[in-house]
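I opened my notebook to look up how two chains are built. My entries follow below.

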Amino acid sequence: MSAGEATAQAIPRPRRLPPPLACIGLAIVAIGLIMALLGPFLARHGAGELISERPFPAASWALPFGGDHLGRDVLSRLLHAAPVTIGLALGATTVGFVIGLTVGFFTAEVRGNTDTMITWILDILVSFPPKLIALIAIAGLGSSLPILIATLGFVHAPRVARVARAVAMNISAMDFVEAARARGESVLAVMVREIWPSARRPMAVEFGLRVTFSILVLSSLSFLGLGVQPPMTDWGSMVRENMSGIFLGTPAALIPALAIGILTVGINLVIDWIGGSSGRRLTEELSR
Amino acid sequence: MRPVLEIAGLVVRADDGKGSWIDTIRNVDLTVSAGEVVALIGESGAGKSTVALAALGYARPGTRLVEGRILFDGQDVRALDERGLRRLRGRDASYVAQSAQAALNPAIPIGAQIAEPLLIHGIASGTEAEARIASLIGLLDLPVGIVTRFPHQASGGQQQRIVLAMAMACAPRLLVLDEPTTALDVTTQIEVLKAIRTAIRGQGSAAIYVSHDLAVVAQIADRIVVMRHGAIVEQGPTAEIVERPKQPYTVTLIDAVRPRDRRLTREAPRGPAPLLALRGVNASYEQQGWFGPARGGNKVLRDIDLTVGKGEVLAVVGESGSGKSTLARVVAGLHPRLSGDIALAGTTLADRVRRRPLEQRRRIQIIFQSPDLSLNPEERVGEIIGRPRQLYFNEARTNRDAHTDRLLDMVGLPPSYERRFPAELSGGERQRVAIARAFAAEPDLILCDEILSSLDVVIAAQILELMRELKRKSSVAYLFISHDLVTVAQIADRIAVLYAGTVLELGATSAVFTPPHHPYTALLMAAVPQLRRGWLDDAFKLRGPTAQRRAAPTGCPFQPRCPLAIPGLCERELPPLREQTSGHAIRCHRSDAELRQAQTSPVQTSPN
């Protein structure tokens, strides 16, 4: 406490390069985003364009990752599928996140019986297995992009709400939030101006985790044939289509699976970095 | 006799966050002989704790011991490896931190925690450790049954003594005490100080006592070392430093303890309708939940009747747990009241702040105890101060900026601070920002909830002066909440003494400070640390029967601790708030004559 006071005067923090693992993660996420935005324009061939007469043509300069079970270019299809996989994951996560965050912050701020009741409902929703909810929704409503986004958003929302509530509970007990209440700020103003800025970092970590989760669930749904329907394609359905190729020793199924894996790991590396540094900043600030 | 600790030419460097190193400790020499108590005093940032920790060979993260010799019993501490340091720490030299609550493990019984250093260092086996713990508990005046309890079941003062017992367990030759009583209120502080003194004398161990409070140190230390900006300003025997300080900085520190002009003589203008009026206000922490039992049940405020006039300063004084902060929260509309009525300028205020009209909210502002927690860490100072202008006056951005500059200037901060984050300010500067935020609303009443108690003496004196100055310039009224009667005397027009949610004494400041006092007020007065040697013993005697600190459920709440309690009457019947002179009232069954007689005994109660 005493020595800290003298050094606390040092003004802005210098920008340091993130640690190496975080750099790798950031690079992977950046590549993923570029693929999602520009993928179809970068692809040499159309998604349904037949390049070869034979199934599973071997890799060559013309087909860097080889061809798939219908003789289509795997690389081109990977690029065409990227916006679907990543866009769906981001869309579904955002829907779940906005709802979950609002509910979580609200219930943490109002407390009392409203809080007890909402938490109770959230607990019930969380107790349903996510894949089961997805299977039921798709069986009943059919598979389309809006249904997939809504279903996954519905799976995410209560889970995000519980995390958001826990984070907001700690923040809303602090004096500066109390000061805002004493000023007579509205519940919304307290949520947006006071709680959110301090919750940003832990919630960013949660967002990253949820995106990863979305990618995996969407891919597994597509793998089961319940997700994205042809002629549209995503990485999960590419794995399913080309499974038989595994026995022929072609990489057609492994490439999209690898893409899913690398992107997931990349996002997690970034999360670890954000989470780790936020923890340090927060304790630093509290101990002063 | 060879000294226990010899520090020579110590230099400590800290990472300044910009990749370069700055010296936080510059060439400090310090010697502690066996059985000697040396106090390190100075304001925060002086480097007291850094030097004290260096005695254990410890440098906090981000700092390095770069130069100098640290000899513990002739052994070079800086040359020790991790194993050597582990053997030293806790066994030969131990450390007591400021926050006992943070130092204790909430999941381990108290006895096991005290035994830990004994077992780790292999000094005692299970049964020997038990005997040692029993003797420590006796020495520190702790209840015997406490060993099986958990830290949260002990009071704040007990927790600090438990940490002390842990530090004393291995009978170390050097004890480092880092602000051990700063977080405690005045009456608890006496118990802990007494325990520390008894323990040090009984064990014959040497000690380094770090504090910013000269009065506390004067009771305990043999020698005082005054530090500032990482260097020693002055050192000498306690009596010499206190009575004949040579350096101007030491004089400043003494003045902060012994304020010169204590009281406002001005009589507050008292119009027919008071600004704030509380009538029969009750509050509790009981909550009617849908699930689970209701929590608590004890009333925190009982039938409070108080008024604050326009431009008046009413101080509310009491120990922690007396309900004084709850009182502020009830007035602010942050805590519901069970019954009673609160009126602002004749208009009844709604229970909760969100149900009050904007204009009423603007007129009452609150400043919290800890500026570290009461400012949003993610907002710049400009936004923090500008928000009330936007909220209450719907003021445009450009006007707000002009106001922000004016407000910063008003609290003595440069306009450039507008762009800073709270983390880039010192504790005193942060409290200034909190004050500016309250004044930004141009309120009629500011609730000041212990706004000085997290600051060190010198800074606290400056903030108090600022509050007085701002008061002179405007017609604002303060409800000034504090546990420190002497501080309060420098700003309050009237004082209300609160115990267990009940007003025990109420009157003009000068009247409250003149006998007769309520026995509790007398206790609080004696508990304020004084530079006078022997104050601690007097205060300890006056403290009354120990242990029983819980308020009595019926009758006078103070009765279990009261030295003047009348058996058979006080535990049955709550005395009325008896007005003795105009505007001065005492809630006691004893007559004024009886009180006056008890209080003019040899024990001096005046702070100077």
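**Entry 1: one pair across two strands**

I began at Leu506(B), which stands opposite Ala585(B) in E22(B). Strand E20 (residues 502–508) of chain B and strand E22 (residues 584–587) of chain B pair in the antiparallel sense, over two bridges. I noted the rule: two strands pair if DSSP finds at least two bridges between them. Strands (E, at least two residues) and helices (H or I, at least four) are DSSP runs, numbered from the N terminus.

I also noted what I was looking at. This is a predicted model, in which local features need pLDDT of at least 70 and side-chain atom pairs count only at pLDDT 80 or more, while totals for chains, interfaces and linings use all residues. Residues are numbered from 1 along each chain as its sequence is written, and chains are lettered from A and ligands numbered from 1 in the order in which they are written.

**Entry 2: the sheet around that pair**

Eight strands of chain B form an open sheet in the order E16-E17-E18-E13-E19-E20-E22-E21, with mixed pairing. Which strands stand at the edges? They are strand E16 (364–367) and strand E21 (577–581) of chain B; each has a single partner strand, so one side of each is left without a neighbour in the sheet. From one strand to the next, the twist averages 20 degrees. I wrote down how such angles are taken: axes are lines fitted to C-alpha atoms, for helices over the stretch in contact, and angles run from 0 to 180 degrees between N-to-C directions.

I looked up another open sheet of chain B. Four strands stand in the order E2-E1-E4-E5, with antiparallel pairing. Strand E2 (21–32) and strand E5 (75–76) of chain B are at the edges, each with a single partner strand, so one side of each lacks a neighbour in the sheet. Strand E4 (residues 63–72) of chain B pairs with E5(B) over two bridges, in the antiparallel sense. Phe72(B) stands opposite Gln75(B) in E5(B).

**Entry 3: a hairpin**

Strand E9 (residues 223–228) of chain B and strand E10 (residues 231–237) of chain B run antiparallel, joined by six bridges. Val225(B) has Gln235(B) in E10(B) as its bridge partner. How many residues lie between the strands of this hairpin? There are two, and His229(B) takes a positive phi near 50 degrees.

**Entry 4: E11 and its partners**

Strand E11 (residues 276–284) of chain B is joined by six bridges to strand E12 (residues 299–308) of chain B, and the two run antiparallel. Ala277(B) has Thr307(B) in E12(B) as its bridge partner. E11(B) also pairs with strand E14 (residues 339–344) of chain B, in the antiparallel sense, over five bridges. There, Arg279(B) stands opposite Asp341(B) in E14(B).

**Entry 5: a helix and its cover**

I turned to helix H4 (residues 110–120) of chain B. Its buried residues include Ile110(B), Ile114(B) and Leu118(B). A residue is buried if 20 or more other C-beta atoms lie within 10 Å of its own, exposed if 12 or fewer, and partly exposed in between; C-beta atoms are placed from the backbone. What covers the buried residues of H4(B)? Helix H5 (126–139) and helix H6 (156–168) of chain B are included in the cover. Just after H4(B), Gly122(B) takes a positive phi of about 65 degrees.

**Entry 6: two domains**

Chain B is divided into domain 1 (5–257) and domain 2 (516–608); the bounds come from an automatic or database domain assignment. Their C-alpha centres lie 34 Å apart. The contact takes 13 residues from domain 1 of chain B and 13 from domain 2 of chain B. Two residues are in contact if their C-beta atoms, placed from the backbone, lie within 7 Å. On the domain 1 side, helix H7 (186–203) and helix H8 (214–220) of chain B each supply at least two residues.

**Entry 7: whole chains**

Chain B has 22 helices and 22 strands. Of its 608 residues, 51% count as buried. Its C-alpha atoms fill a box of roughly 75 × 70 × 60 Å, taken along the principal axes.

Chain A has eleven helices and zero strands. Buried residues make up 43% of its 288 residues.
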